Amino acid sequence: MSSFAVLLVLAAAVAHAAWNVIAHGVSRIGMPFLWLGAVSSVVVWIGVVPFTGGLGTGTVPAFLLGIVVSALLHVAYMLVLQRGYRVGRLSTVYATARGTGPTISVVLAVTLLGERPSWLSLVGGLLVLVGVVAVGLADAGADPGAVASGSVPVVARPRRRIDPGIVAGLLTGVAIAAYTIWDAHFVRGGAAPVAFMVGCTAVEAVLFGALLGRRRRELLPVLRAHWGRVLAFGVLSPLSYILVLAAITIAPVALVAPMREVSVVLVSVFGALVLREGRATTRIAASVVVLAGIALLAI
């Protein structure tokens, strides 16, 4: 994996971590924030399209097909993820999705895209995934939802069905892998990363708008209260994925997919050291594992 590709993916991870830190808590508003974020993204980035290769070298019908399917996959990802957070523990869904998504992406990249990364690179990607999952497990230990309120002890009962958080995490991981492989196919086929991202986000805005329902009345109050964070989302969230798409054009998806999850570790370490969320030692140890993986990927 070239040094330039590594820099692109790491820059994407920093941008992704940055907007998550800035918008911490606000994204829980749900659909109104998602719609505002999508519209903000289109407004901020659409003017950049003519200076970054336009639509690219592919045909217009192929471009439209690419962005519509990608938007559907991204919206499905968001809806499944939100559903998971409602029915399962945050840490369970988070760790399962972030571990499953890149793993499936690696398998699909090898089987469908014909990629053949070296064994050393695959070991590096595996180390990154191990570190990311370790971060999720560290968060699980500090999950406030795992602590019962009140003074009455809770008696553990044997579970008779699969944890819904794990199911939701697995489905989220499948969605992540699906849009990753689909988007890689189209940008490698000639679609310009910036235009592809803007087009996909514009379709997402339409879909989110259709799902708003009665929550449309919340849009203006949310915008007034959080316009700075909406703008940060509009700048940094697309930037993070544009950099990933650019990296995919020059590096194997099997290597880019795991490395982009570095953002998870960055946010977790920020939470431990700055927000004092606990388990700093475990999170830092997981970060060291991730760094070791990145070093192997960069060889």
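Of the 299 residues of the protein, 47% count as buried (under 20% relative accessible area, with exposed over 50% and partly exposed in between, for a 1.4 Å probe and protein chains only). This is a predicted model, in which local features need pLDDT of at least 70, side-chain atom pairs count only at pLDDT 80 or more, and totals for chains, interfaces and linings use all residues. Residues are numbered from 1 along each chain as its sequence is written, and side-chain values use heavy atoms, with hydrogens and water left out.

Me: What makes F186 buried or exposed?
Reply: F186 has a relative accessible area of 12%, which is under 20%, and therefore F186 counts as buried.

Me: Why is the pair of F33 and F233 called edge-to-face?
Reply: Rings of Phe, Tyr and Trp (its six-membered ring) pair if their centres lie within 6.5 Å, and planes under 30 degrees apart count as stacked, over 60 as edge-to-face and the rest as tilted. For F33 and F233 the centres are 5.6 Å apart and the planes at 80 degrees, so the pair is edge-to-face.

Me: Why is the pair of W182 and F186 called tilted?
Reply: The ring centres of W182 and F186 are 4.8 Å apart and the planes stand at 40 degrees, so this pair falls into the tilted class.
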